[in-house]
Amino acid sequence: MYRLLAALARPSSRPAAARRARLRLASRLLRGINPAKPTPGPSSAGRIDAGYVGAWSRLAATVLRPIEANHAKLDRTAVGSAAASARRERAYARLAEALARGQALEQAVYQCVDVLASIKEWNAAWSLAEGVRGQDGGGRAAAVGHAVLVHRRRQFARLWDGMSWLGDDELARFLPVEAIDGALACGGDEAIKRARAIATRVEDLRDEQLVDLAGRFLVVEDVELAGALIAEFRRRPPADLDERRIRSAKLIEVWLEQRPKTVPPGSIPVAVIDYQSPDQVLASEDLGDYVQTLSMLGNLVRLSNVTFFGECGLGELANELKLRVRDELQVPEVTGSIHLLDVNREFSRADNLPEPTWMIAFGWHMRPLYDLHYDFPYHRNIRPLFISFHVNRLDMLTEDALAYLRRYGPVGCRDWTSVFLLISAGVDAFFTGCLTATVDAVFPRREQDYEGA
C-alpha cells in the first residue's frame, strides 16, 4: 500500500508529458487495445488498420456461412449462437473426458456443471444434473451437480439442505468447498461440526482447495484449523496456482503469524484503511479507494507540528506528505505524535491493533467475505469516526451493526442514499460528500501545475 500511495502522491516532473501519456493510454483503451501489448495486425500511428478488421470479419463470415456476392456481412446473431454452442460442447467434452479417464460419475458431473455454470448456461447445467438421476447410482451425482449449480448462483440459504445427506468422505472428495460454504452458511452446531470434519480430510483436498478453505476458517475465527490447512499446503511440493490464490495464501500466513504492534510511548494509534482480504476475489482493485486513503492522509498531515511514525512505510510517507501541504492549509496549533497502522476495511478483525486505534471510516461498505460473512462491526479496538461512509447492502445492517453505528454516530455519508437508509433505520446520519474532494491538500494548485506546460 505504501508504494501505491507514494506513487499517487508524487506528481510527474513533466506534467504536460504525463498528461499526453495518459491521453494516449486512454485512447488505446477506448479502442479496446491492450496497452501492455503490441497492437495486433497492421497499424499506423497506434491505429488499427480498418482493412485488417475487415479481413477478420470476412474470415469469420466464411467459416459461419458461404460468401455471397463478394461482400459477406458478419451475422452477429449467428456468431453468438455458434460461440454459445461451442462453449456448451466444451463443457460436455469435459464430462466425456472425465468418464473416459475412469473418474467417478459424481466427479464428471461436477466438472461439466462447473463449466456450464461459468458460462451461465443455467438451464443446460440443471438439465444435466437432473438427467443423471435416472442412471444407476445417479442420485449422488445429481446431488453433486445441483450443489455446484446452487453454489455458483450464490444461493447459500438452500445449499446445505441439498447435500447434507451425503457422507463427509463424499463431500470431501467431490465438493469440499461447496459443502463447507453450505455448512457455514447454515450455521447450526451440527453443520459447523461437519464442516470442520470435511476440512480435516486433507488427503482428499487439492492445493487450491487448501488455500480456499484456510481463508474461510480464518474468517469464521477458527484460527487453528486455518493454520493446519496452510501448513499442509506449504508441506506439499510447490503448487501451480493462479495469482489470486498465491496472494491469498501469503496474506493468510501474515494474519496467522501476527504479533502485537508496538506503538511509541505517547503516540496516538491511527488506522490507515487498506483493502486486502483472504478472499482475493473481493479485494478492491478500485484506484479510487486508494485515492480516498491518500485524501485521509492528506488531511491528517495538515497537522504540521505533529510527528508521524508508522508501520509498512506509512510514517515515512506521512512525513514526506507533510512537507508538501500548502501554507494556508497547515494547522500548527496541534502538537504530539501519531503512529499509523494499516487496517483492512473488509477484514479488520484479523489485524492486531492496540486499544484504542482511531480510524476515519470512509468508502464503500462492504463486501461479504466469501459471500458468507460481513466483517462489521470493525475490530473491537477501533474507535471509528464515520466520514464519507457509503452503505447499500441491507444484509450488512444487522442489529449489531446498527447498534454499533448508533453508538459511534452521527455517521457522515458520501451520498444521500446512505443518509436516508441509515436515518430510516434509526441511525443519526448526515451528508459529507466524498473524501476524494479533499485530495488537493498535498498537491499544488492547478494553475501552478500548468505553469510551463
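I started with D242, which forms a salt bridge with R245, the closest N and O atoms being 2.7 Å apart; a salt bridge here is a side-chain nitrogen of Lys or Arg within 4 Å of a carboxyl oxygen of Asp or Glu. This is a predicted model, in which local features need pLDDT of at least 70 and side-chain atom pairs count only at pLDDT 80 or more, while totals for chains, interfaces and linings use all residues. Residues are numbered from 1 along each chain as its sequence is written, and side-chain values use heavy atoms, with hydrogens and water left out.

I then checked burial (buried is under 20% relative accessible area, exposed over 50%, partly exposed in between, with a 1.4 Å probe and protein chains only). D242 counts as partly exposed because its relative accessibility is 32%, whereas R245 counts as buried at 16%.

I looked next at D242 as a cap: a side-chain oxygen of D242 lies 3.1 Å from the backbone nitrogen of R244, at the N-terminal end of α14. Helix α14 covers residues 243–256, helices being DSSP runs of H or I with at least four residues, numbered from the N terminus. Among the buried residues of α14 I noted R245, E253 and W255.

I followed E253 to R234, with which its side chain meets in a salt bridge (2.8 Å, N to O); this pair links helix α14 to helix α13 across 19 residues. R234 counts as partly exposed, at 41% relative accessibility.

Notes. Helices (H or I, at least four residues) and strands (E, at least two) are DSSP runs, numbered from the N terminus. The expected span of a helix is 1.5 Å times one less than its number of residues. A polar contact is a pair of N or O atoms within 3.5 Å; within protein, one must be able to donate a hydrogen and the other to accept it, and residues adjacent in sequence count only if both atoms are side-chain atoms.
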